[in-house]
Amino acid sequence: MNVHVSPEPNMYRYDEFDRSFVDARVAQFRDQVARRLDGTITEDEFKPMRLMNGLYHQLHAYMLRVAVPYGTMSSRQLNVLADIADKYDRGYGHWTTRQNIQYNWIKLEDTADILDRLAGVEMHAIQTSGNCIRNTTTDAYAGAAADELADPRPVCELIRQWSSLHPEFTYLPRKFKIAVTGSPNDRAAVRVHDIGLRMHLNEQGERGWEVLVGGGQGRTPMVAVTVRDWLAEADLLPYLTAVMRVYNLIGRRDNKYKARIKILVHEMGAEAFSAAVEKEFADAQMETVEVDARELARISSYFAAPAWETLAAFVPEIEEKKLADREFRQWLAANTAAHKVPGYTIVNASFKPAGGIPGDATSGQMRAVAALADKYSFGEVRVTHAQNLTLPHVRTSDLIEVWGELNSQGLAEANIGLIGDIISCPGLDYCALATARSIPVAQEISTRFADIKRQHDVGPLKLNISGCINACGHHHVGHIGILGVDKKGKEFYQITLGGSSAENASIGKILGPGFGADEIAGAVETVVDTYLNVREQGEEFLQTYRHLGAAPFKEALYASH
Amino acid sequence: MNDVTEDCSEYVVTANEVLSGNTVFRSADETWVRGIDGAVVLKCEDTGFVALGDAQKDEQANIVMGAYLVEVSRESGAIRPVHIRERIRALGPTVRADLAQVAQGFSTREVVDQ
Amino acid sequence: MPVIENNRIVEDVWTHLEDRDSARDRSMIIVPLARLQEVLADWPAGHRGLGVDVPNDVDVDQLTPHLARFDIVTLNFPGFADGRAFSQARSIRHTDHYGGTIRARGSFLPDQYGFLLQSGVDSFEVSDRFALEEWIRHADAVPATYQRDYATGGLATRPFAEAGAWPEQPHYG
């Protein structure tokens with residue numbers, strides 16, 4: 001009998017300490033639920049507790065957000081996520097813009113059991129909500145990307161542990177999000193996070209971190225400021241502690257919409273804020289430094305490279321298929337990326353079928369990707385910020401099979417990074433905070449642009465849709481952003497242009513008056529057609545916008561009105 | 001002066017079950033039902049607030065949470081919320097007709113086109 | 001209000017100084033921070049029995065030069081979600097090495113008891129809403145902590161990795 005054993009991917013594995021931690025946390029939550037139900041604690045008191053275990057109450061039901069730390073998971077974990085979808089939800093889940101997964105139809109009475117099931121595969125929902133430090137996110141291509149300096153995930157894991165149930169920083173003014181990049185091509189959006197960390201070398205060639213603070217989206221989008229050009233890795237946790245302490249003590253608590261650290265940095269000014277952090281950093285004792293270095297070394301050993309085969313970069317079979325099969329060629333061009341090891345390729349699974357719900361995954365699709373990971377990617381899968389999945393380490397010679405299998409699951413639409421790869425929050429169809437629906441807008445736009453050849457002709461274009469000003473769809477950093485609002489009881493949509501979360505981060509600017517639900521998709525199409533008319537040879541959308549400004553787009557949309 | 005023929009809106013009382021999270025509506029026999037079709041309709045806000053006050057006993061007993069009034073109107077005889085958010089909450093996500101909250105024969109996509 | 005120390009209810013030996021009262025010839029009093037200079041001016045040298053009550057929105061650095069004179073510092077929770085007192089406690093206890101009693105007052109929950117202990121609080125003025133057992137049960141509801149230098153008795157921290165040379169820079173794959 002053949003017993004299929006999933007390969008153990010090279011990622012952090014819990015030891016007994018981690019397991020006892022997460023088991024105790026589940027038991028604690030079970031107790032908190034019981035005390036809620038018997039009235040020992042009120043809903044107002046219980047709410048922050050359940051939020052700290054990722055349990056929201058949304059428009060229709062409880063929603064559980066499970067952490068996928070820095071977007072990395074094993075096939076075994078992905079299979080359990082599929083089982084949870086089937087047993088406790090309606091057979092599907094949703095990949096989020098911070099590399100987590102959300103289930104929309106959860107019951108409170110089942111939640112502790114779900115958390116137990118997750119703990120069994122070293123997963124949890126700790127701190128995926130609440131006014132605490134959230135999931136630390138990074139590049140979905142970490143450990144695989146050709147352009148990365150080094151794998152940032154050991155540092156992400158160090159931060160994850162440090163931030164878990166931190167006694168001092170669990171009752172912050174507001175939520176806190178940290179992002180880390182190990183590549184100069186920032187796929188982690190470090191400039192629009194509360195803290196962003198960018199790995200780079202100093203003049204002595206030593207590896208360290210640029211510390212950026214105060215980026216964010218929501219109602220007042222801002223790009224972060226640099227508080228430290230270069231921080232030695234050994235100083236990371238003490239420095240982060242200093243930032244958190246300053247924020248915890250003097251971050252605003254009078255107004256929920258002014259409580260993020262970006263407001264504090266903005267109101268104090270970057271210089272005064274940096275000075276406050278440096279003073280705190282100098283005051284605090286450094287006894288943890290030696291400990292941290294040991295911890296990081298221990299954690300890093302889990303992220304040692306998989307057992308690469310020595311392979312040729314050039315695979316004739318693939319090259320031939322590329323020439324012969326247009327669809328395969330398009331898929332390669334859009335959905336794959338260069339791997340640092342010759343003979344390997346990074347493969348993306350697109351959860352953006354034309355006319356479909358962006359980022360939703362059936363349990364069947366989850367299991368299919370898990371099986372692909374087992375067979376072709378050392379058992380490893382990543383969740384991306386764009387609500388897709390990545391198989392990070394696929395042998396180039398296996399690409400045809402992988403493509404075929406993804407295709408059979410509806411996960412091979414060749415639209416990654418193109419206009420069809422829409423990032424959309426769940427919006428008013430699911431979310432209690434929303435002011436407008438976002439998914440139907442995404443569906444209509446992706447239907448209009450279903451033609452893959454047309455998408456490839458348009459080229460790289462990030463389209464982000466948010467159903468309210470909380471901006472969970474990250475529309476501020478979309479090349480084209482759409483914000484859904486309520487105008488006299490009707491859904492209404494504003495367009496922003498020119499946002500970017502990459503190295504030259506920018507916040508999109510509102511183009512002009514908004515559009516009704518039946519006009520918005522057409523308006524977006526007009527924007528894209530305008531770009532096609534005015535672009536220079538080889539110029540991508542964002543470049544054209546930065547080059548020409550809003551004028552041609554305004555004219556196309558509004559001049560004839 | 002109270003005018004008994006005063007023209008005022010109709011309401012239902014809604015809440016969420018604590019254990020399940022389900023959207024529920026207050027029925028005529030003072031229980032909580034899943035579909036809005038089973039809700040008792042209250043004429044005028046004053047009547048609504050009285051019913052809401054009654055419902056709050058169940059909040060204190062930790063059976064439901066967050067009870068409030070939803071303005072409704074009649075559409076082909078059926079009770080339907082007036083505001084789009086409440087419609088979606090009562091009927092289900094417009095993008096997943098298979099997850100509709102109410103009995104079949106009813107297209108959630110249709111009702112939000114007002 | 002009951003006071004909990006060392007997981008037991010203890011007699012509260014302290015009194016908060018009333019607004020218009022003089023501190024002269026008093027002992028075992030906790031004075032509001034706003035009146036500190038006034039009280040200290042009159043306080044006999046070497047006289048113990050003095051505490052200070054600190055609002056949660058002030059910079060505790062101003063206390064640093066005077067800490068040796070206090071047997072107790074009281075910190076405040078206007079609401080349980082307002083976590084500033086955790087950082088104040090940490091600053092006083094850890095950065096300033098304060099050896100006296102740090103007491104939490106106001107609105108905080110048993111679920112925060114363990115975090116308060118870890119942050120350096122060792123005395124708790126609680127409402128009578130929750131029984132003592134409810135409080136002390138939460139001291140180690142999660143019996144392990146990743147915060148090695150916040151740990152307080154009873155909480156496990158990760159055992160150190162096996163001794164041996166570790167690389168100067170972490171080894172990346």
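Mentor: Let's take domain 1 and domain 3 of chain A, whose centres, taken over C-alpha atoms, are 29 Å apart. Keep in mind that this is a predicted model. Chain A is split into four stretches: domain 1 covers 16–119, domain 2 covers 144–302, domain 3 covers 316–408 and domain 4 covers 423–558.

Where domain 1 of chain A meets domain 3 of chain A, 24 residues of domain 1 are in contact with 22 of domain 3. Together the two bury about 1,900 Å², with 55% of that on carbon and sulfur atoms. On the domain 1 side, look for A:Ser75, A:Leu78 and A:Trp95: they supply 32% of the area that domain 1 buries against domain 3, more than any other three residues.

In a salt bridge between side chains, A:Arg367 meets A:Asp83 at 2.8 Å, N to O.

As for what domain 1 of chain A puts forward here, strand S3 (72–74), helix H3 (75–88) and strand S4 (92–95) of chain A each supply at least two residues of the side touching domain 3. H3(A) gives the most, with eight residues. Sort that side of domain 1 of chain A by class and you get nine nonpolar, 12 polar and three charged residues.

Note on methods: Residues numbered from 1 in each chain as written. Chains lettered and ligands numbered in written order. Predicted model: local features only at pLDDT ≥ 70, side-chain atom pairs only at ≥ 80, totals over all residues. Heavy atoms only, no water. Domains from an automatic or database assignment. Contact = heavy atoms within 4.5 Å. Buried area = accessible area lost by both parts, 1.4 Å probe. Salt bridge = Lys/Arg side-chain N within 4 Å of Asp/Glu carboxyl O. Helix = DSSP H or I, 4+ residues; strand = E, 2+ residues; numbered from the N terminus. Nonpolar A, V, L, I, M, F, W, Y, C, P; charged D, E, K, R; others polar.
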